[in-house]
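This briefing sets out the architecture, the metal site and the charged pairs of the structure shown below. Points are grouped by topic.

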Amino acid sequence: MTARTRRRSAIPEFHPGQILDWSSSAHWDYDGPGPCRYCGQPTRLLDSHRHHAHKTCAEAALAAQYAQAQADYQDGAL
Ligand SMILES: [Zn+2]
């Protein structure tokens, strides 16, 4: 195994629907829905910063951020 192979294998793979665990009641707004920070549609779900967000929208944003970072840091350099 080369150093390059080891580095790449340490990067986790993102699987939509399995990235975040929002089963805790801390991710539910009991006061009512608010606009999702990503798509603007109403949701009662809250992200870790207590902003309204659909879980699927948050996971799509994380996956996009991950893909962009992976593209930007090809071979460990910009
Ligand atoms: Zn959304």
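A residue is called buried under 20% relative accessible area, exposed over 50% and partly exposed in between, using a 1.4 Å probe and protein chains only. Arg37, with a relative accessible area of 45%, is therefore partly exposed. The model is predicted, so local features need pLDDT of at least 70 and side-chain atom pairs count only at pLDDT 80 or more, whereas totals for chains, interfaces and linings use all residues. Residues are numbered from 1 along each chain as its sequence is written, and side-chain values use heavy atoms, with hydrogens and water left out.

**Architecture and surface**

- The protein chain has 2 helices and 2 strands, where helices (H or I, at least four residues) and strands (E, at least two) are DSSP runs numbered from the N terminus.
- Along the sequence, these elements follow the pattern α-β-β-α.
- Of the 78 residues in the protein chain, 19% are buried.
- The protein chain has an accessible surface of about 5,800 Å², and carbon and sulfur atoms account for 54% of that surface; the areas come from the Shrake-Rupley method with a 1.4 Å probe, and for residues only the protein chains shown count as cover.
- Gln18 is located in the loop between helix H1 (3–9) and strand E1 (34–35) and is exposed, at a relative accessible area of 64%.
- Gln18 and Lys55 are 37 residues apart along the chain, and their C-alpha atoms are separated by 10.0 Å.

**Zinc site**

- The zinc ion has as protein donors Cys36 (SG), Cys39 (SG), His54 (ND1) and Cys57 (SG), at 2.2 to 2.4 Å; donors are N, O and S atoms within 2.8 Å of the metal (3.2 Å for Na, K and Ca), and sites may look incomplete because water is not among the atoms.
- The site of the zinc ion is tetrahedral, with angles of 96 to 118° among its 4 donor atoms; four donors count as tetrahedral if all angles lie between 85 and 135 degrees.
- The spacing of the donor residues in sequence is C-x2-C-x14-H-x2-C.
- Cys36 is buried at 4% relative accessibility, whereas Cys39 is partly exposed at 38%.

**Salt bridges**

- The structure holds 2 salt bridges, each being a side-chain nitrogen of Lys or Arg within 4 Å of a carboxyl oxygen of Asp or Glu.
- Arg37 pairs with Asp47 in a salt bridge whose closest N and O atoms are 2.7 Å apart.
- Arg37 lies in the loop between E1 and strand E2 (42–43) and Asp47 in the loop between E2 and helix H2 (55–72), so this pair ties together parts 10 residues apart in sequence.
- Asp47 is buried, with a relative accessible area of 7%.
- Lys55 forms a salt bridge with Glu59, with the closest N and O atoms 3.1 Å apart; both residues lie in helix H2, 4 residues apart, about one turn of the helix.

Terms used. Four donors count as tetrahedral if all angles lie between 85 and 135 degrees; four count as square planar and six as octahedral if opposite donors are over 155 degrees apart and all others between 65 and 115; anything else is irregular.
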